[in-house]
Structures are given as structure tokens and as C-alpha cells.
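Here is a short report on a protein model. Look at the sequence and the structure first, then read on.

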Amino acid sequence: RPPENEERNTITLLTDLYGHSCRSVYQYYCKQYDTKPKPQVRLALPDTPNEFTMQELLLDETTLIGNKGLLPLLEVVRVNPGMRVLSVAGNGIKNTGVEALVHMALEHPSLASIDLSDNRVTNAAGTVLNYLAQRNPRITEISLNNTRIDEQLKQHIELRLKANREMRQ
């Protein structure tokens, strides 16, 4: 089955972004997903209304957003069609968080690089990341250093990513 974000089916999605900023989208979805906004995330997001031009979002282990905190962040990535890099290394992400991330990334128009290093993800997450690499040829890099995904599955994902990179050249 394709990866899902089941919680997304239970919230009210923003239908009109006019007047919103990346920061206000994040705050809106924190309420929808019933999670407390992280000050470091809020400050990392631009507050300019009607401007969704972020190209990268890099959060290090000091943020520690976890699965629940990842959900509103994924909504910010969705509304930034030019976003190319998402790094949530060392942020307490587990398999269900990866599934929600893949659900978003499958249709994203430009996301190319995802860093999930230093998170407690296992082969279940590796399987959905492999699905993503197969289904979205724009994905060319997935970092999985220091995870619980076995080397054989990592190699399988890397082969798919290599094919995606070669198609883009």
C-alpha cells in the first residue's frame, strides 16, 4: 500500500494561503495537529506574507521535533514548491514520521534531498523510502547514516537514487 499520513485526514487543511507566511502556516498546522510550536522552528521560518520560496529546511538535533512535531513542518514543505532540501537529522523521527514524510514527498515538485540520519528508523521506514525513490524520480539523495536500516536495504535505496540522478543528467 502507498504510504499515508492518516492524521492529515482528520485536520482542516488551509485552502487559501493569501496573507499567510511560512511561519503562520507552521503555527496554524501546529494547532491542527495539536502539537506545541518549537521556537527554533518558528524562527527558522520566514514571516513574509504570500512568500513561499524556501529552498531548504535544515533542523539539527537541538530541535528534536519528533514524529508529532514533524507533521506541521511537512505542511510547510508542501506549500514551498521550490523546496529542494529537507534535513531532520537527529530529530527523534521514527517509522510513522517517515511514512508521513514520504506521503508528502511523493508529489512534491522539487524536493531532491532528505536527511534522516541519526533517527531511530528501521527497515519499515527503509521500505517506504525505497518506494519513494521508485515513485518520485526527483528524489536523488536520502541520507540514512546511523539509523537501524540494514545495509542491504540502504544499498537497494542507493541504487534507485543513483538511477534517479542519472536520469536527471
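Helix α4 gives the largest share of the lining of the largest pocket, with 4 residues. Both α3 (66-78) and α4 supply at least two residues of that lining. The model is predicted.

The space in this largest pocket comes to about 200 Å³. Its lining holds 12 residues, and N5, E7, T96, G97 and A100 lie closest to the centre. Which classes make up the lining? There are 6 charged, 4 polar and 2 nonpolar residues.

**Helix packing**

Helix α4 (residues 95-105) packs with α5 (residues 123-135) and with α3. The table sets out the two pairs.

| Helix pair | Axis distance | Angle |
|---|---|---|
| α3 and α4 | 9 Å | about 10° |
| α4 and α5 | within 9 Å | roughly 5° |

How do α3 and α4 run relative to each other, parallel or antiparallel? Their axes meet at about 10°. Angles under 35 degrees count as roughly parallel, so α3 is roughly parallel to α4. On the α3 side, the contact uses N67, L70, L71, L74, V77 and R78. On the α4 side, the partners are T96, G97, A100, L101, H103 and M104. By class, this contact has 7 nonpolar, 4 polar and 1 charged residues.

From α4, the contact draws on N95, V98, E99, V102 and A105. From α5, it draws on A124, A125, V128, L129 and L132. The residues here divide into 8 nonpolar, 1 polar and 1 charged.

**Salt bridges**

Side chains of opposite charge can pair when their charged atoms come close. How many salt bridges does the model hold? The count comes to 7.

How values were computed. Residues numbered from 1 in each chain as written. Predicted model: local features only at pLDDT ≥ 70, side-chain atom pairs only at ≥ 80, totals over all residues. Heavy atoms only, no water. Axes fitted to C-alpha atoms, helices over the stretch in contact; angles between N-to-C directions. Contact = heavy atoms within 4.5 Å. Nonpolar A, V, L, I, M, F, W, Y, C, P; charged D, E, K, R; others polar. 1 Å grid on protein atoms, 1.4 Å probe; cavity = no way out; pocket = protein on both sides within 12 Å on 5 of 7 lines; lining within 4 Å. Points joined across faces, edges and corners; volume = space filled by probe spheres on them. Salt bridge = Lys/Arg side-chain N within 4 Å of Asp/Glu carboxyl O. Parallel < 35°, antiparallel > 145°, perpendicular 65-115°, else oblique.
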